Amino acid sequence: MASVLFDPLAAIGRMVLGACRTAGSVALFALEAISHLVRPPFYGRLFWAAFLEVAWFSLPVVALTAVFTGMVLALQSYTGFARFNAQSAIASVVVISLVRELGPVLAALMVAGRIGASFAAVIGTMRVTDQIDALTTLSTNPMKYLVAPRLLAATLAMPLLVLVADILGVMGGWLIGTLKLGFVSAAYLKSTFDFLETDDVVSGLVKAAVFGFIIALMGTWCGYNSKGGAQGVGGATTSAVVASSILILALDYVLTEIFFAQ
Amino acid sequence: MSEPTPKIRMRGVRKSFGGKVVLDGVDLDVAAGQGLVILGGSGSGKSVTIKCILGLIEPDEGVIEIDGVDVLKLPRREREALGDRIGMLFQNGALFDSLPVWENVCFKLLAQGRITRAKARDKAAEVLAQVGLAATVGDLSPAELSGGMQKRVGLARAIAAQPDIIFFDEPTTGLDPIMGAVIDGLIVDCVQKLGATAVSITHDMASARRIGTTAAMIYHGRIVWTGPAESLGRSGNAMVDQFANGQRDGPIQMELRK
């Protein structure tokens, strides 16, 4: 009788303890990586390679996502707003939605799928093939060499990527607005910039930097702690993408609350 | 007259993973310039033993000394500095596949700032020549190399910084007998030229006799025998002789599930 009552509680307790252990492990991992960012030696070449990987090679997928999102947003807004004769608000809705929310979140989700998975796979493969142990025996701290440059690169590259995504998303909305919905180009653009405030852009870029950090952190942490050969690396890759996607959505709410709650 | 300080000294080293005891009080001395081969079945704790010495795994208890210094009590930075004097050839080579061979070979020298990138290629060519590889191999990626070549590059990387202790993890695994003998010959040559202390782990008895001056047998997490490597197979110790001669019956019982 007692076991029927306590078994589910024990399972919940184990789950909570496991979650706390994981959160603690990720936090310590992040702190150690950050501490390496301020202590030499610095690996500029590795930082630059990771920066290019995030900022330049992710650009096509992020750009396509942004353009189509802007286009769909304009169309959907028109369909809804036409019922209230509020079509003139479309430009401002598109730009504010993109800059505050959709630009950073969708870009981050795309980058999580591409870069988070890539970081986890590369570092995970290095773990299971003893390359990380080899780094240690070659007088190189793996956290400093593998993790710190990637964290810094993703944190700095994401805002740039999101800035481009914002511009392309607005351009997508403008294309639909002028070519399909009959807006005058100058009026659409004026409406776009009239309603856009500096806080909107800054909050989006801060979100992007936080999301970039989370993507790199989860990718490197999952890879660094992978074990068990190819299956372990596959599991690490999946975990990196799932964990960073969930954290991006959760942190998006938290950051929005902080920026716009008043 | 007191005995000379061993290059490596382990006393009562224990390590468990979860509930599984892997090292159960390892006691081991390796004299300077000695070539020690550690033998033992799969899962007996050979790799964990050398990973503890290398600092890749932290033992639960015990003492590990290098040149009389207890490395487990050293501050992290000093322990990392100690690693500068150690080289390691991993079982699968563990070459960095994102870097060309020349950069793999000179990785430690570059990491320590002992050489510039401009000079590293020439240095890599020089070390590659010591392991019988042409300078042109330096421009290849590790993925383009055969298993034997990867072992040679791994050996070149291990000796490039002229360490005074070198570890070899299964140096002939996955190689044909001739290539195995070639790698063993290179190991012996390189270790002799450097005057280094070598610790190897292997299942290959022919290799053990070629590269070792002394052998130690680990069983159930303890060193159960040490003696001359040339006596393997006729040591008088039933466990060692069973293992060295590959006999099914004897004191070592394989844990097989039925």
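This report walks through the two chains of a predicted model, their secondary structure, packing and contacts.

## Ground rules

Residues are numbered from 1 along each chain as its sequence is written, while chains are lettered from A and ligands numbered from 1 in the order in which they are written. Since the model is predicted, local features need pLDDT of at least 70 and side-chain atom pairs count only at pLDDT 80 or more, whereas totals for chains, interfaces and linings use all residues.

## Chain A: helices throughout

Chain A has nine helices and zero strands. Here helices (H or I, at least four residues) and strands (E, at least two) are DSSP runs, numbered from the N terminus. The C-alpha trace of chain A spans about 65 × 60 × 35 Å along its principal axes.

Of the 262 residues in chain A, 44% are buried. A residue counts as buried if 20 or more other C-beta atoms lie within 10 Å of its own, as exposed if 12 or fewer do, and as partly exposed in between, with C-beta atoms placed from the backbone. Among the contacts in chain A with a separation of 6 or more, 88% are between residues 24 or more positions apart; two residues are in contact if their C-beta atoms, placed from the backbone, lie within 7 Å.

## A closer look at A:A55

A:A55 is found in helix 2 (residues 44-55) of chain A. With 21 other C-beta atoms within 10 Å, A:A55 is buried. Leaving aside neighbours within four places in sequence, A:A55 is in contact with A:A157, A:L160 and A:L161. A:L161 lies 106 residues away along the chain, yet the C-alpha atoms of A:A55 and A:L161 are separated by 5.8 Å.

## Chain B: overall build

Chain B has nine helices and ten strands. Its radius of gyration, taken over C-alpha atoms, is 19 Å, close to the 18 Å that the globule rule gives for 258 residues, so chain B is as compact as a globular protein of that length. For reference, the globule rule is 2.2 Å times the number of residues to the power 0.38.

The C-alpha trace of chain B spans about 55 × 45 × 45 Å along its principal axes. Buried residues make up 43% of the 258 residues in chain B. Residues 24 or more positions apart account for 62% of the contacts in chain B with a separation of 6 or more.

## Strand pairing in chain B

Four strands of chain B form an open sheet in the order 2-1-4-5, with antiparallel pairing; two strands pair if DSSP finds at least two bridges between them. The edge strands are strand 2 (20-30) and strand 5 (69-70) of chain B, each pairing on one side only. Eight bridges link strand 1 (residues 8-17) of chain B to strand 2 of chain B in the antiparallel sense, and B:S16 has B:V21 in strand 2 as its bridge partner.

Elsewhere, strand 3 (residues 35-39) of chain B runs parallel to strand 9 (residues 214-219) of chain B, joined by four bridges. One bridge partner to look up is B:A215 in strand 9, which goes with B:V37. Strand 9 of chain B also pairs with strand 10 (residues 222-228) of chain B, antiparallel over six bridges. These two strands form a hairpin with two residues between them, and B:H220 in the turn has a positive phi of about 50 degrees.

In helix 5 of chain B, B:A120, B:A124, B:V127 and B:L128 are buried. They cover an arc of only 100 degrees around the axis, which puts them on the same side of helix 5 of chain B; the arc is that of the directions from the helix axis to the C-beta atoms. Their cover includes helix 3 (101-105), helix 4 (107-111) and helix 6 (147-159) of chain B.

Helix 6 of chain B is mostly covered, with eleven of its 13 residues buried. What covers the buried residues of helix 6 includes strand 6 (86-89), helix 5 and helix 7 (177-194) of chain B.

## Where the chains meet

Ten residues of chain A are in contact with 15 residues of chain B. The side of chain A that touches chain B has two nonpolar, six polar and two charged residues. In this scheme Ala, Val, Leu, Ile, Met, Phe, Trp, Tyr, Cys and Pro count as nonpolar, Asp, Glu, Lys and Arg as charged, and the others, Gly among them, as polar.
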